[in-house]
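Work through the exercises below with the sequence and the model at hand. Each task is followed by a solution in steps.

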Amino acid sequence: MKKEMTLEQAMKRLEEITEKMQSESVTLDKSLKLFEEGSSLVAFCNEKLQQAQLKITQLTSDGEEEKVIE
């Protein structure tokens, strides 16, 4: 991927790929390329979501520690 893509941009592109594969008559080669791009985007989205989940966990556990100390 060129510059850093946002999760929202990746999700939008995944929707476009899905629509294209469902609605258009695409060649096998084009379908494979779209599938490969989609797979990369899914991995990217999963990584972004895992990072967000980790950050939320860290933030909420930091807050709990501060409450116990106070």
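Helices are DSSP runs (H or I, at least four residues), numbered from the N terminus, and the expected span of a helix is 1.5 Å times one less than its number of residues. The model is predicted: local features need pLDDT of at least 70, side-chain atom pairs count only at pLDDT 80 or more, and totals for chains, interfaces and linings use all residues. Residues are numbered from 1 along each chain as its sequence is written, and side-chain values use heavy atoms, with hydrogens and water left out.

**Exercise 1.** Compare the span of α1 with the expected one, then assign its faces.

Step 1. Helix α1 covers residues 7–23, which is 17 residues. From first C-alpha to last it reaches 24 Å, close to the expected 24 Å.

Step 2. Ala-10, Leu-14 and Ile-17 of α1 are buried (under 20% relative accessible area; exposed is over 50%, partly exposed in between; 1.4 Å probe, protein chains only). Down the axis of α1, the buried residues fall within an arc of 65 degrees (taken from the directions from the helix axis to the C-beta atoms), so they line one face.

Step 3. Glu-8, Lys-12, Glu-19, Gln-22 and Ser-23 are exposed on the face of α1 turned away from the buried side.

**Exercise 2.** Is Ser-31 buried or exposed, and which residues does Ser-31 contact beyond its neighbours within four places in sequence?

Step 1. Ser-31 belongs to helix α2, residues 28–69.

Step 2. The relative accessible area of Ser-31 is 18%, so this residue is buried.

Step 3. With those neighbours set aside, Ser-31 contacts Met-21 and Val-26 (heavy atoms within 4.5 Å).

Notes: Helices (H or I, at least four residues) and strands (E, at least two) are DSSP runs, numbered from the N terminus.
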